[in-house]
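Please read this brief report on strand pairing and helix packing alongside the sequence and the structure.

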Amino acid sequence: MDKAYKLEDLINELFDITRFNSEMIILKNEEINLRLMLEQIIDDFYPTLNELNKRIEFMMENNITLYGDSDKLARVFNNIIKNAINYSIGDDPIKIEVNIDENNANVIISNRGNKISVFLPESCEWVLITW
């Protein structure tokens with residue numbers, strides 16, 4: 001049954017990408033507790049982290065409430081964290097740091113891994129299309 005739900009999510013994600021490309025995507029703005037969201041996502045990765053003998057260091061001083069589409073934001077964070085885990089090398093932790101800069105919440109996800117060799121607009125476009 002779990003695989004059926006994953007398949008359904010993948011199909012829905014494909015439809016979202018299609019809607020996004022046709023500029024018909026609708027965002028549901030709602031109040032989001034960013035700390036709670038990130039902690040839940042990190043907890044979901046615990047079995048994978050444990051299996052790969054990796055860890056995440058989560059640094060966030062204050063609770064932050066923001067407004068946005070929680071499903072879309074969760075998907076973005078999930079994909080970035082999953083890739084940080086999959087493409088990290090060595091036993092250095094994956095770091096997730098959240099801070100506030102004026103009216104913005106900055107989420108920095110970093111790991112030690114192979115660098116993207118060419119950082120040109122074309123390579124950035126390729127990276128973003130992947131997600």
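What follows covers a sheet, the helices on it, and a separate strand pairing.

The model is predicted. Its open sheet has three strands in the order S2-S4-S5. The pairing is mixed. Strand S2 (56–60) and strand S5 (104–110) stand at the edges. Each has a single partner strand, so one side of each is left without a neighbour in the sheet. From one strand to the next, the twist averages 15°.

Strand S4 (residues 94–101) runs antiparallel to S5, and seven bridges join them. Within this pairing, Asn99 has Asn106 of S5 as its bridge partner.

| Helix | Residues | Strands touched | Direction angle |
|---|---|---|---|
| H2 | 34–44 | S2, S4 and S5 | about 175° with S2 |
| H4 | 70–86 | S2, S4 and S5 | about 25° with S5 |

Helix H2 packs on the sheet and touches S2, S4 and S5. Helix H4 also packs on the sheet, with contacts to S2, S4 and S5. The reference strand for the angle is S2 for H2 and S5 for H4.

Next comes the pairing of S1 with S3. Strand S1 (residues 30–33) pairs with S3 in the antiparallel sense. Four bridges connect S1 and S3.

Which face of strand S3 is covered, and which is uncovered? Strand S3 spans residues 65–68. Leu66 and Gly68 form the covered face. Thr65 and Tyr67 form the uncovered one.

Conventions:
Residues are numbered from 1 along each chain as its sequence is written. This is a predicted model: local features need pLDDT of at least 70, side-chain atom pairs count only at pLDDT 80 or more; totals for chains, interfaces and linings use all residues. Side-chain values use heavy atoms; hydrogens and water are left out. Buried means under 20% relative accessible area, exposed over 50%, partly exposed in between (1.4 Å probe, protein chains only). Helices (H or I, at least four residues) and strands (E, at least two) are DSSP runs, numbered from the N terminus. Two strands pair if DSSP finds at least two bridges between them. Axes are lines fitted to C-alpha atoms, for helices over the stretch in contact, and angles run from 0 to 180 degrees between N-to-C directions. Contact means heavy atoms within 4.5 Å.
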